[in-house]
Amino acid sequence: MSAPRVAVVGATGAVGQIMLQTLARRGFEASEIVPFASERSAGKVLEGYGVIQPLADDTVQGYDLALFSAGGSTSRAWAEKFVAGGAVVVDNSSAWRMDPDVPLVVSEVNPEAIDGAKKGIVANPNCTTMVVMLPAKALHDTFGMTAMVATSYQAAGGAGQKGIDELAAQMPVLHERVELLVNDGEQARTLVTSEIHADTLAYNVVPMLGTLGENGYTDEEMKLQNESRKILGLPELAVSPTCVRVPVMVGHAIEVRATYEREVDVAEAKAVLEAFPNLVVEDAPTPLAAAGRDETFVGRVRADLGDPRSLNFFVVGDNLLKGAALNTVQLAELAVERGLAGARA
Ligand SMILES: NC(=O)c1ccc[n+]([C@@H]2O[C@H](COP(=O)([O-])OP(=O)(O)OC[C@H]3O[C@@H](n4cnc5c(N)ncnc54)[C@H](OP(=O)(O)O)[C@@H]3O)[C@@H](O)[C@H]2O)c1
């Protein structure tokens, strides 16, 4: 097939911008890359890519690939229309992830699942689940995972550009009021507004991320359970998720206590982690050092103090890169390699 014609939906967003950079950086061969965004941006020029298109019945025709990062409602409304117009859709939102006819794919973990894209849609996992999946898969293949307690430290950028902007606006205000931060945090909290994050994020930690469900878990936490099970093909996997927002711009970190069918040897665990593609073993990886990096980093690999079948580790990845844009581009490359993209044209 000739080089694919690619639509990038949500091209002006935090993920969309990095998706465009990632396509360019990896030398993705496209006959054309066309940016789409909301009515607010349509008609403006996106430098290097031309006029931003609105989503309309006549603008979504004739693409080989459509890479979506414009939220769930946009994906639900428009993904199938791009498919009907000839495209394979790679979607970053949660709209299609749990659909049995839509594969949920991490390129290093379950690439073969992409062939099951019966609807012409492939889903990109949630950014927190994504980074956990690399070490989880490496260790599962060797030791057989049965359970996972996962506690996240998620960056402001997980809530998009607005999440970054809100934290950036709060930091200088509270930076000037160190005495209040020390002596009267409740008053300090009222000096800034929080619309995107559930509470003041600057100089704070917010253990409420997403919409709270009746079972006491947020939708973000339920994604960690449901998506992990689907990606790893372990429908019975016991997952205990807690998602926490921390004042970091980009880079999600997750502490995982994973339990296995057999006893875990730490040296063997480190060896399988080191051998896994795009996974780097370090002593103590941090989100700041991971921001802007393609790799996922794992460290603090320790035997559990109470259970010889459990292992503790700390995993870190850039939520906008591997957590979103990079995996999307890797799935686009996979769709081309495996003959999916363009097959419908
Ligand atoms: N941030 C992350 O770490 C992350 C990770 C994984 C997945 N995701 C997912 O990726 C998606 C985008 O996230 P983001 O962080 O990039 O958000 P963002 O910075 O808020 O960007 C949203 C993008 O979607 C566009 N958009 C919004 N409403 C639209 C509509 N009705 N029609 C067409 N385009 C519309 C926006 O266009 P305008 O500029 O015109 O408003 C913008 O380009 C979400 O589904 C999110 O869950 C995000």
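In the predicted model shown above, Val90 stands opposite Val122 in β7. Local features here require pLDDT of at least 70, side-chain atom pairs count only at pLDDT 80 or more, and totals for chains, interfaces and linings use all residues of this predicted model. Residues are numbered from 1 along each chain as its sequence is written.

Val90 belongs to strand β6 (residues 88-91), from which Val88 and Val90 point one way while Val89 and Asp91 point the other. All of these residues are buried, that is, 20 or more other C-beta atoms, placed from the backbone, lie within 10 Å of their own. Strands (E, at least two residues) and helices (H or I, at least four) are DSSP runs, numbered from the N terminus. Strand β6 runs parallel to β7 (residues 121-123), the two being joined by 3 bridges; pairing requires that DSSP find at least two bridges between the strands. With β5 (residues 65-68), β6 also pairs in the parallel sense, over 4 bridges, and here Val88 is the bridge partner of Leu65.

Turning to another sheet, 6 strands form an open arrangement in the order β9-β8-β10-β13-β12-β11, with mixed pairing. Its edge strands, β9 (238-242) and β11 (279-281), each pair on one side only. Within this sheet, β8 (residues 145-153) and β10 (residues 252-260) are antiparallel and share 8 bridges, with Tyr153 opposite Ala253 in β10.

Key. Buried ≥ 20, exposed ≤ 12 C-beta atoms within 10 Å, placed from the backbone.
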